[in-house]
Amino acid sequence: MTTPGLTSTGVRKASAKSARSRSREFALQALYQSLVGRNETADIDLFTRDLAGFHKADSAHYDALLYGCTEQAADLDKLIEPLLDRKFAEISPVEHAAMWIGVYEMKHCPDVPWRVVLNECIELAKEFGGTDGHKYVNAVLGGLAPQLRPHEVDADRKAGRARI
């Protein structure tokens, strides 16, 4: 039996997704192309905007994620790397892209609560990544949250809303 709004695997159905969630999905796909194909960001952007359903995404948030993550890739990786138990070459490009999105949003999108960032990136990894990739994304982003959003995480801890 499935829950309304969710697929049998527990992922939100397309009709239940917000424009921001959709923008993250398209950004993840574009970042995957950047990581795997090493294509130019502008070319990836043009291709992605032509995909079915893009018109339902928050294009401004998509732009921020795609261009922000590709321009700041080295800085994002420097934050992620200390929490990894393996080399980046051994990390799935889907999980890598989801972690980029999470770190970028925690650093540059204060309007998005850290727990929303974490949950959205876990959902991306569940939907597009390997079997347990979402657990890895959760561990890395959960480990970075206190560093990137210390006041927010501390407030949630004190209120009993966070176990980090």
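The axes of H1 and H3 cross at roughly 30 degrees and come within 8 Å of each other. Axes here are lines fitted to C-alpha atoms, for helices over the stretch in contact, with angles from 0 to 180 degrees between N-to-C directions. H1 and H3 are therefore roughly parallel. Angles under 35 degrees count as roughly parallel, over 145 as roughly antiparallel, 65 to 115 as roughly perpendicular and the rest as oblique.

The model is predicted: local features need pLDDT of at least 70, side-chain atom pairs count only at pLDDT 80 or more, and totals for chains, interfaces and linings use all residues. Residues are numbered from 1 along each chain as its sequence is written, and side-chain values use heavy atoms, without hydrogens and water.

**Helix packing**

Helices (H or I, at least four residues) are DSSP runs numbered from the N terminus. The table lists two further pairs.

| Pair | Angle | Axis distance |
|---|---|---|
| H1 and H6 (residues 114-128) | about 55 degrees | 11 Å |
| H3 (residues 59-71) and H5 | about 105 degrees | 10 Å |

The H3 angle makes H3 roughly perpendicular to H5. In this pair, His61, Ala64, Leu65, Gly68 and Cys69 of H3 meet Trp100, Ile101, Tyr104 and Glu105 of H5. Contact means heavy atoms within 4.5 Å. These residues divide into six nonpolar, two polar and one charged. Ala, Val, Leu, Ile, Met, Phe, Trp, Tyr, Cys and Pro count as nonpolar, Asp, Glu, Lys and Arg as charged, and the others, Gly among them, as polar.

On the H1 side of H3, the contact includes Phe26, Ala27, Ala30 and Leu31 of H1, with Tyr62, Leu65 and Leu66 among their H3 partners. It holds eight nonpolar, four polar and two charged residues.

H6 meets H1 through Glu120, Leu124, Glu127 and Phe128, and the H1 residues are Ser21, Arg24, Glu25, Leu28 and Gln29.

**Largest pocket**

The largest pocket holds about 180 Å³ of space. A pocket is an open set of points on a 1 Å grid where a 1.4 Å probe fits, with protein on both sides within 12 Å along at least five of seven lines; lining residues have an atom within 4 Å of a point. H1 (19-37), H4 (73-80) and H5 (93-108) each supply at least two lining residues. H5 gives the most, with three. The lining includes Ser34, Arg38, Asp77, Phe88, His96 and Trp100. It divides into seven nonpolar, two polar and two charged residues.

Notes: Points joined across faces, edges and corners; volume = space filled by probe spheres on them.
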